[in-house]
Amino acid sequence: MMESPSFSSSSSDSSTVATRDQNADRSRRNGDVHEAVTFEQSRRWHDVFWSGIFIIHLISLALIMGVLGLNGFKKRDRLNIGMYTGPPHKREHGLTEDYWPLYAAAGGVGTVLGLSWLLLLGSRANQMMKVSVHILTTYLAVISVLCFWAEQFFWGVIFATGAALQFLYVISVIDRLPFTMLILQKAMKMVCSLPEVMRVAYAFMLVVLLWMAIWSFGASGVVASSLFDVGCWWLLLIFCVSLFWTGAVLCNTVHVIVSGMVFLNLIHGGRDATSIHDNSLIRSLQYALTKSFGSICYGSLFTAAIRTLRWEIRGFRSKIGNNECLLCCVDFLFHLVETLVRFFNKYAYVQIAVNGKSFNRSARDAWELLQSTGVEALVAYDCSGAVLLMGAVCGGLIAGTCSGVWAWYRFGDRDRIFMIGTTSMLMGMVLVGVAMVVVESAVTSIYICYAEDPSLIRRWDTEFFNQMSETLHHRLQHRSARAREVLTNSQLDYRVRQNTSFN
């Protein structure tokens with residue numbers, strides 16, 4: 001009943017589509033201007049403060065990691081750091097080189113999984129999506145059982161909660177998966193037509209591996225130190241936050257580079273067009289690593305967390321039903337997160353790539369564009385970002401499990417096993433995420449191009465354009481029907497209160 005068309009909803013949809021087509025004509029006329037602004041005029045530096053903070057943090061952490069790793073390399077407490085950290089733990093946990101190979105294994109597993117996900121997603125999109133969606137719940141549940149068996153109740157509760165949330169989310173969005181699969185397939189088609197962006201992903205995976213060699217050297221020194229377990233956990237937590245930010249910055253740098261190339265490819269009608277500069281990739285790389293780098297560092301701090309929270313709230317909100325109390329609470333959180341999304345969203349990286357704006361302005365302009373054209377209804381319906389995140393989390397869990405099992409066979413110390421397993425899991429997630437971000441970049445670029453000028457998508461793939469337009473029409477009808485239902489219920493409640501007051 002919610003999806004059935006009506007005269008008023010059809011009129012509303014027609015006017016929305018008409019407005020979008022008018023805007024599309026203007027956008028198309030200005031398309032060459034946007035491209036010229038991007039690649040011909042000099043860009044301004046934005047968010048320089050955050051790029052400075054990131055670089056200082058990176059250099060400082062590299063020095064700290066090097067010192068902590070050397071302190072336990074070949075000799076325990078080589079640099080006499082123990083005299084500043086209080087009395088040593090009564091147990092000795094080995095040397096840095098005892099744990100470093102375990103992290104090397106996690107890095108190798110994460111790299112192989114990242115490349116495998118990327119290759120298989122292009123040829124086996126249906127199967128890979130099902131694996132990403134369904135195997136993660138099972139894997140989390142199994143790991144939680146193993147944690148309880150090992151008497152690690154904290155981690156058991158964490159993984160069990162994750163499994164429950166993942167199951168509830170999948171149930172709430174299962175009807176959206178066919179459209180998500182379509183978007184991922186077309187994004188992979190776009191990525192495969194641009195082999196240079198694949199080379200960018202491979203190059204950045206190598207950069208991540210080089211940084212992880214330094215990072216894991218310091219983490220191995222912490223695990224091998226004579227600190228109490230609480231001290232080790234706090235140090236590893238700080239290092240993990242740093243690795244998460246560094247990984248997000250590198251992923252979003254790839255996002256900006258790939259988005260710029262995809263946008264150019266759609267505007268000019270293909271990578272072989274004579275109007276595309278031969279060094280477009282080099283220019284995109286140069287802008288991403290210089291004038292736009294501060295915006296990338298700034299957005300990487302908040303975007304991932306806000307986006308994940310929004311996915312979960314949207315999934316639960318759609319399945320609440322008529323529980324008014326719960327719906328009121330969830331609506332409050334939903335509107336709060338929607339406000340944050342206006343200033344922190346992944347579509348900002350496309351605007352950064354194309355127009356060279358600051359992060360907050362890019363996020364605001366991108367969100368206003370999606371909302372004013374109605375394309376935000378498609379964005380809300382699509383779960384491709386969540387599916388790719390599931391694949392990254394699953395890859396991280398596999399990498400962490402491999403390193404944890406190896407540590408269990410070598411050492412048998414439960415605390416050290418979980419230290420190595422959790423940190424190795426984050427390493428695997430970052431590596432798989434760098435491989436998958438090229439697909440997510442293509443998805444975001446497709447939505448922005450469709451909002452700017454639908455004829456760009458029509459020229460690229462007519463059948464896909466028709467499918468997107470049909471889905472958009474149905475989603476706008478669905479929203480119109482829900483709005484009328486809410487309005488009708490509100491009017492009925494008002495009349496009931498009036499009658500009650502009168503009586």
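The largest nonpolar core takes in 132 residues, and W215, V439, Y447 and I457 have the most contacts inside it. A nonpolar core here is a set of buried Ala, Val, Leu, Ile, Met, Phe, Trp, Tyr and Cys residues joined through side-chain atoms within 4.5 Å. Buried stands for under 20% relative accessible area and exposed for over 50%, with partly exposed in between (1.4 Å probe, protein chains only). The top contributor to this core is helix 18 (residues 414-452), which puts in 24 residues. As for I457, its partners beyond four places in sequence are L266, I446, C449, Y450, T462, F464, F465 and M468, where contact means heavy atoms within 4.5 Å.

A word on the model itself. This is a predicted model, in which local features need pLDDT of at least 70 and side-chain atom pairs count only at pLDDT 80 or more, while totals for chains, interfaces and linings use all residues. Residues are numbered from 1 along each chain as its sequence is written, and side-chain values use heavy atoms, with hydrogens and water left out.

Zooming out, the protein chain has 20 helices and 0 strands; these are DSSP runs numbered from the N terminus, with helices being H or I of at least four residues and strands being E of at least two. Of the 503 residues in the chain, 52% are buried. Take the contacts between residues at least 6 apart in sequence, and 82% of them join residues at least 24 apart.

The structure holds 17 aromatic pairs, a pair being two rings of Phe, Tyr or Trp (its six-membered ring) with centres within 6.5 Å; planes under 30 degrees apart count as stacked, over 60 as edge-to-face and the rest as tilted. One of these pairs is F54 with W245, an edge-to-face arrangement at 5.2 Å centre to centre and 80° between the planes. Because F54 sits in helix 3 (residues 48-71) and W245 in helix 9 (residues 229-268), the pair ties together parts that are 191 residues apart in sequence. F54 and W245 are both buried. The pair of W100 and F217 is tilted, because the ring centres are 4.8 Å apart and the planes meet at 55°. Here W100 belongs to helix 4 (residues 96-123) and F217 to helix 8 (residues 195-224), so this pair links parts 117 residues apart in sequence. W100 is partly exposed at 31% relative accessibility, whereas F217 is buried at 12%.

The rings also turn up in a group: F49, W50, Y298, Y349 and F359 make one aromatic cluster. Elsewhere, K189 lies over the face of W460, 5.2 Å from the ring centre. For a charge to sit over a ring, NZ of Lys or CZ of Arg has to be within 6 Å of the ring centre and within 35 degrees of the ring normal.

T137 is located in helix 5 (residues 125-149) and is buried, with a relative accessible area of 16%. Leaving out neighbours within four places in sequence, T137 touches A163, Q166 and F167. A105 is part of helix 4 and counts as partly exposed at 27% relative accessibility. The C-alpha atoms of A105 and W406 are 9.2 Å apart, although the two residues are separated by 301 residues along the chain. Setting aside neighbours within four places in sequence, A105 makes contact with S403 and W406.

Most residues other than glycine have a negative phi. D47, which is not a glycine, has a positive phi of about 50°; this residue is in the loop between helix 2 (31-39) and helix 3, and is partly exposed at 24% relative accessible area. K74, also not a glycine, has a positive phi of about 70°. K74 falls in the loop between helix 3 and helix 4, and is exposed, with a relative accessible area of 58%.

Finally, the cysteines. The structure holds 0 disulfides, a disulfide being a pair of cysteine sulfur atoms within 2.5 Å. C394 is buried at 2% relative accessibility, while C402 is partly exposed at 38%.
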